[in-house]
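Let's take a walk through this model together, from the overall picture down to single side chains. Keep the viewer open as you read.

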Amino acid sequence: MGQYTLYTYPNNKNSFKALITARYVGVQVDVPAFQMGKDNKTPEFLQKNPTGKVPTLDTPQGSVFESNAIARYLARLADKGLFGKTPIDMAHVEQWIDFFTTEVDPPLLSWVSPLFGFIPYDKKKEDAAIETIKKALKVLEGYLSSRTFLVGERVTLADIVGVANTFYGFTNVFDAQFREEFPCVTRWYQTCAHQPHFQAVLGKFELAKKRKTYDAEEIKKHQSQQQQQQQQPQQQQQKKPQQQQQPKKEAAPAADEDAKPAPKPKNPLDTLPPSKMILDSWKRLYSNTPASKFRDICIKGLWEGADIPNSPNNEHFEGYDPEGYCMFFCDFKYTDENTVNFIVMNKVGGFLQRIDYVRKYAFGVMCILKNEKGEFPIRGFWIFRGNDIPPIMKEECPDLDLYEWRRVDFKDEAQKKRLEDMLCEEEKIDGLEHVECKVFK
């Protein structure tokens, strides 16, 4: 596609938008060492961006500045769904980009910037900024109470911009007490930030344990250290170029028009030793067994094997193979969010749709329950090929982090009864009313 170079300083949250987007579209972006106050004032740089600001992107067609414009440009280099799939999705992506740019970013920067000595500290302005950011996050909290991502069922450019624009907040001033008011926003941020492409840029992060406050002595010390660094020879400053401070970029393969496309790598689950248990046979046993005989045939057959009812070729299921398969329970972590039945059903349905690519290797039942508070807990039972949750599911499924996953000990009678009750869709699961069951098969 050509050469792309991003000029920025380390840990610039506005550059995160471009770098995360580039990973989603599969574009390599180089980030050379760059010294603010010097490199951004050169005639060469001012020709790229007359404002003298960063980030600025060099492209084969020319330069682009302003972080949202850079992210939009990169997102359009490949159709990865970052703008959504329909006109209304595209409008909503733009809507939330504008929301974070106008409603979230200004008050958050007004709150955080003085804490690092970038602008003078004013307690009244800080209090006003905090109230303004809380109003914006309350809007976001209500919206995300029934959604995993901002638009549709996958990460879009709206999520990328949103996470970048709240990064300083979640890592510096949104402490546990502050986050209590915004559990859905926090869950959304963590879900996005744990995606591989986000982590490759943001690195491993921790939410703010303690709210950063204004400390004049600390700022003075920091500014003194910066002045000493600026007085060092240029050679000393650039011993460690910025590429080492930024997350390591993957090298793009050299273009070769005559080269044959690389063979598609095999799924590691396809290379496992053969198993006596055929997952599709289990799914047919589960589907074909009449409800009146379900425990006698299907449940008993899970452990001991069984003839599949109404099978045209007299198919026999051999029974569960603990060497070739594993079992897991999953419990949704944020039950207090699940207060509207149909929204919870849509949440589970969306999760199952997003993991369609593991249908060959997985079977699951997801039970929607109801507790005494009127909330709808989600609890499930899964069978996976191999000895763990499929790697591709861990890498690509954002919903995974929303659930607590626990390996089933089927030799434990209590756990065995629990999974059997889920398969049978009993009226009570874990002592709670069983409202609905969705099956992945």
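The chain exposes about 23,400 Å², and carbon and sulfur atoms supply 49% of that area; accessible areas come from the Shrake-Rupley method with a 1.4 Å probe, and for residues only the protein chains shown count as cover. Please keep in mind that this is a predicted model, in which local features need pLDDT of at least 70 and side-chain atom pairs count only at pLDDT 80 or more, while totals for chains, interfaces and linings use all residues. Residues are numbered from 1 along each chain as its sequence is written, and side-chain values use heavy atoms, with hydrogens and water left out.

Of the 441 residues of the chain, 48% count as buried, where buried means under 20% relative accessible area, exposed over 50%, and partly exposed in between (1.4 Å probe, protein chains only). The chain holds 17 helices and 11 strands; these are DSSP runs numbered from the N terminus, helices being H or I with at least four residues and strands E with at least two. Among contacts with a separation of 6 or more, 72% are between residues 24 or more positions apart, a contact being heavy atoms within 4.5 Å.

Buried residues of α4 include Val93, Trp96, Ile97, Phe99, Phe100 and Val104. An α-helix has 3.6 residues a turn, so residues three or four places apart point the same way. The cover over the buried residues of α4 includes α1 (13-25), α3 (67-75), α5 (123-144), α6 (157-173), α7 (176-179) and α8 (183-193).

Nine of the 11 residues of α8 are buried, so the helix is largely enclosed by the rest of the structure. Among them are Cys184, Trp188, Tyr189 and Arg187. The buried residues of α8 pack against α4, α5, α6, α7 and α9 (196-202).

Arg187 is worth a stop of its own. The side chains of Glu337 and Arg187 meet in a salt bridge of 3.2 Å, N to O; a salt bridge is a side-chain nitrogen of Lys or Arg within 4 Å of a carboxyl oxygen of Asp or Glu. This pair links distant parts of the chain, with Glu337 in the loop between β6 (325-332) and α15 (341-354) and Arg187 in helix α8, 150 residues apart. Both ends count as buried: Arg187 has 3% relative accessibility, and Glu337 has 11%.

A search of the whole structure finds 23 salt bridges. In another of them, the side chains of Arg418 and Asp331 meet at 3.6 Å, N to O. Arg418 lies in helix α17 (residues 413-424) and Asp331 in strand β6, so the pair ties together parts that are 87 residues apart in sequence. Arg418 is buried at 13% relative accessible area, whereas Asp331 is partly exposed at 24%. Asp356 forms a salt bridge with Arg359, the closest N and O atoms being 2.7 Å apart. Here Asp356 is partly exposed at 42% relative accessibility, and Arg359 is partly exposed at 30%. Salt bridges that share partners also join Arg295, Lys417, Glu420, Asp421 and Glu426 into one network.

Let's finish with some details of the loops. Asn12 is found in the loop between β1 (5-7) and α1, and counts as buried at 2% relative accessibility. Leaving aside its neighbours within four places in sequence, Asn12 is in contact with Val54, Pro55 and Tyr168. The peptide bond from Val54 to Pro55 is cis, with omega near 5°, and Pro55 is found in the loop between α2 (43-48) and β2 (56-59).

Glu66, in the loop between β3 (62-65) and α3, has a positive phi of about 80° although it is not a glycine. Glu425 is not a glycine either, yet has a positive phi of about 55°. The place of Glu425 is in the loop between α17 and β10 (428-429), where Glu425 is partly exposed with a relative accessible area of 40%.
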